[in-house]
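Morning, everyone. Please have the sequence and the 3D view open, and follow along as I go.

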Amino acid sequence: MSPDRFENLLQLIAPHITKSCRGREPISASERLTITLRYLASGESQQSLSFNFRVGRTTVNNIIKETCEAIWCALNDIYLKAPQNQQDWMKIGEGFFKEWDFPNCLGALDGKHIAIECPGYSGSEYFNYKGFFSIVLMAMCDAKYCFTLVDVGNYGKDNDAQIFNNSEMGRAFINNEIDIPPAKSTHGHVLPHVIIADEIFGLKKWLMKPFPGKGLTETQAIFNYRLSRARRTIENAFGILSARWRIFLKPIKANPTLVDNIVKACLCLHNYLRLTDNARYIPTGFVDSEDSSGKIIQGDWRSLVVNEGALLPTATGRAFNRSSAGAKQTQDLFKKYFNSQEGSLSWQQAYVNSF
């Protein structure tokens, strides 16, 4: 983080972490922020930070807890603010069409397990199917790797579809509380606005996922390729998050409440730096890109995230949600568009056998 960005961030959160103390000089807001950013960005242990900054171990823990809460309070409504109206959603859709040739996309959705140490007296609630303890981060992002909607702290034992359906953002979509823009014509094809996700989620009129199984038709395989191509944004957003905030490179040693605060702070910092210092935060070649033939050039973040660290995929498999006729009709509309002369990409035929 550049000195200018640090000073700007300090001004935003200082009112939330400035302390007064009788009889001795309190630890300054600047040092509190420095300790917390070093903990999040390096993954250094609290014991090591205690030694290096010459403050007590308990003091370090309290500083991290309070400063993560302050970062969330100061940045959440500015840099992680949910889209408020149709214009905000349409702007996201325009970004996906410009960057990834996927029209009317409101965001890419996915979930990640965040590995933690076994919480005391938690039973099996945090124990996931992969055999470790975790909380779940459910998130949506836009075409430029900024998180737009997030849900943090669900038990590791739950799967993506359950978590999304029970989350505030999931219920908002399910109950039609999201101000989704109306269908829009793209190259003569009238298509609704949708979010995109993987196969674990249920197919909805407003949620597109791949056609399941093997032996797909050519047109279905092309649909899956185009959806997968756009959905790489959320994979890369999570990759940037774990590469830049190395607290995620190994199981987090903290109680679940503190882990929730750490995750929320990192999400805010990710968007803050993405929007204010992008050239330094995401330099050229750091995220996945394509050459002129559509071949994926893997981003540099992949070499920094060894074995995916503490940010791991959630359960895969078929969703238990039944799809309505309207949802399948929407899927077919996008399939028709991606296979039309107006909506096809010159290289997509070459990737049919991959899906």
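Start with strand β2, residues 134-141, in this predicted model. How many of its residues are buried? The count is 8 of the 8, so β2 is largely enclosed by the rest of the structure. Buried here means under 20% relative accessible area.

Now look at the two faces. In a regular strand, side chains alternate between the two faces of the sheet. Check that on β2. Ser134, Val136, Met138 and Met140 point one way. Ile135, Leu137, Ala139 and Cys141 point the other way. Both sets are buried.

Which way does strand β1 run against β2? The pairing of β1, residues 105-115, with β2 is antiparallel. It extends over 8 bridges. For a landmark, find His113. Opposite His113 stands Val136 of β2. Val136 is also in the set with Ser134, Met138 and Met140, pointing one way from the strand.

Next, a pair of helices. Two packed helices are described by the angle between their axes and the distance between the axes. Take helix α5, residues 86-100, and helix α8, residues 218-244. They pack at an angle of about 115°, and their axes are 10 Å apart. That angle makes α5 roughly perpendicular to α8. The crossing is right-handed.

Which residues make the contact? From α5, we have Phe96, Glu99 and Trp100. From α8, we have Arg229, Ala230 and Thr233. Sort the residues of this contact by type, and you get 3 nonpolar, 1 polar and 2 charged.

Now two single residues. Ile163 sits in helix α6, residues 160-166. Is Ile163 buried or exposed? Its relative accessibility is 2%, so Ile163 counts as buried. Val150 is 13 residues away from Ile163 along the chain, and their C-alpha atoms are 11 Å apart.

Then Phe334, in helix α12, residues 325-338. Phe334 has a relative accessible area of 0%, so this residue is buried. What does Phe334 touch, once we leave aside its neighbours within four places in sequence? The contacts are Phe102, Pro103, Leu191, Pro192, Val194, Met208 and Phe223.

One last distance. Asn278 is 56 residues from Phe334 along the chain. Their C-alpha atoms are separated by 32 Å.

To recap: β2 is largely enclosed, with 8 of its 8 residues buried. Helices α5 and α8 cross in the right-handed sense. Phe334 is buried in the model. Thanks, that's me done.

Definitions and conventions. Residues are numbered from 1 along each chain as its sequence is written. This is a predicted model: local features need pLDDT of at least 70, side-chain atom pairs count only at pLDDT 80 or more; totals for chains, interfaces and linings use all residues. Side-chain values use heavy atoms; hydrogens and water are left out. Buried means under 20% relative accessible area, exposed over 50%, partly exposed in between (1.4 Å probe, protein chains only). Helices (H or I, at least four residues) and strands (E, at least two) are DSSP runs, numbered from the N terminus. Two strands pair if DSSP finds at least two bridges between them. Axes are lines fitted to C-alpha atoms, for helices over the stretch in contact, and angles run from 0 to 180 degrees between N-to-C directions. Angles under 35 degrees count as roughly parallel, over 145 as roughly antiparallel, 65 to 115 as roughly perpendicular and the rest as oblique. A crossing is left-handed if the near helix is turned anticlockwise from the far one by less than a right angle, and right-handed if clockwise. Contact means heavy atoms within 4.5 Å. Ala, Val, Leu, Ile, Met, Phe, Trp, Tyr, Cys and Pro count as nonpolar, Asp, Glu, Lys and Arg as charged, and the others, Gly among them, as polar.
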